[in-house]
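Here is a short briefing on one structure.

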Amino acid sequence: MFSHSPFWPDTASTTAGRVDALYIFLVLVSAIMTALIFATLIVFAIKFRKRRNRPAEQIEGSTILEITWSVIPFAVFLAFFVWGAVIFFQERTPPQDATEVYVVAKQWMWKFEHASGQREINELHVPMGRDVKLLMTSQDVIHSFYVPAFRIKQDVLPGRYTTFWFHAT
């Protein structure tokens, strides 16, 4: 459903590229907003500094200004949320034609079994350029399956099956 979006190219690093793009966008917006706040603070500090023999003035609020500075940040945060939610659903919805691998996490090891019957311990070998769907469970404690290059991490719990997928590069 979400795995092949027209907004994102179907390349080898789709998940990592999308997560990186969102992260860079968050950092840039935060940096720009911080710079704008500091610039405004400096301008107002200079413009409204305390002067001698000048009575204080009462400043009345502006409804338009208050609505503006409430709606704009809300729209930016909503954009962050929607973008992150789209990435989340794309990561959690495996493609129909993905290669399946069954995974069992045990203390100090991972056991992998391919649909063809091939078994591996602590190393996973998959075809390059293919989507891989992992059906994972744990025998003892909570384990975390983490592939830093793909920006993906999934906890595996005892007594539960967890589905997880990635595009092998």
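I121 lies in strand β3, residues 119–121. Strands here are DSSP runs of E with at least two residues, helices are runs of H or I with at least four, and both are numbered from the N terminus. The model is predicted: local features need pLDDT of at least 70, side-chain atom pairs count only at pLDDT 80 or more, and totals for chains, interfaces and linings use all residues. Residues are numbered from 1 along each chain as its sequence is written, and side-chain values use heavy atoms, with hydrogens and water left out.

- I121 is exposed, with a relative accessible area of 53%. Buried means under 20% relative accessible area, exposed means over 50%, and partly exposed is in between (1.4 Å probe, protein chains only).
- Leaving aside neighbours within four places in sequence, I121 is in contact with M109, W110 and K111. Contact means heavy atoms within 4.5 Å.
- A35 is 86 residues from I121 along the chain, and 51 Å separates their C-alpha atoms.

**Positive phi in two loops**

- Most residues other than glycine have a negative phi.
- N122 is not a glycine, yet has a positive phi of about 65 degrees. The residue sits in the loop between β3 and β4. N122 is partly exposed, at 44% relative accessibility.
- R151 is not a glycine either, and has a positive phi of about 60 degrees. This residue belongs to the loop between β5 and β6. R151 is partly exposed, at 35% relative accessibility.

**The largest nonpolar core**

- A nonpolar core is a set of buried Ala, Val, Leu, Ile, Met, Phe, Trp, Tyr and Cys residues joined through side-chain atoms within 4.5 Å.
- The largest one has 16 residues, and V103, W110, L134, M136, F145 and F166 touch the most other members.
- Which strands each supply at least two residues of this core? They are β1 (99–106), β2 (109–114), β4 (131–138), β5 (143–147), β6 (152–156) and β7 (162–167).
- L134 touches V101, V103, L124, F145, T162, T163, F164 and F166, not counting residues up to four places away in sequence.
- F166 is found in strand β7. At 6% relative accessibility, F166 counts as buried.
- Beyond four places in sequence, the contacts of F166 are L124, V126, R130, D131, V132, L134, F150 and I152.
- F166 and L134 are 32 residues apart along the chain, with 8.5 Å between their C-alpha atoms.

**The helix pair**

- Helix α1 (residues 14–47) packs with helix α2 (residues 63–92) at an angle of about 165 degrees, with axes 10 Å apart. Axes are lines fitted to C-alpha atoms over the stretch in contact, and angles run from 0 to 180 degrees between N-to-C directions.
- That angle makes α1 roughly antiparallel to α2, a label for angles over 145 degrees.
- On the α1 side, the contact is made by T15, R18, V19, A21, L22, F25, L26 and V29. On the α2 side, V76, F80, W83, G84, I87, Q90 and E91 take part.
- By class, this contact has 10 nonpolar, 3 polar and 2 charged residues. Ala, Val, Leu, Ile, Met, Phe, Trp, Tyr, Cys and Pro count as nonpolar, Asp, Glu, Lys and Arg as charged, and the others, Gly among them, as polar.

**F44 in α1**

- F44 is in helix α1. F44 is partly exposed, with a relative accessible area of 47%.
- F44 and P55 are 11 residues apart along the chain, and their C-alpha atoms are separated by 18 Å.

Conventions:
Angles under 35 degrees count as roughly parallel, over 145 as roughly antiparallel, 65 to 115 as roughly perpendicular and the rest as oblique.
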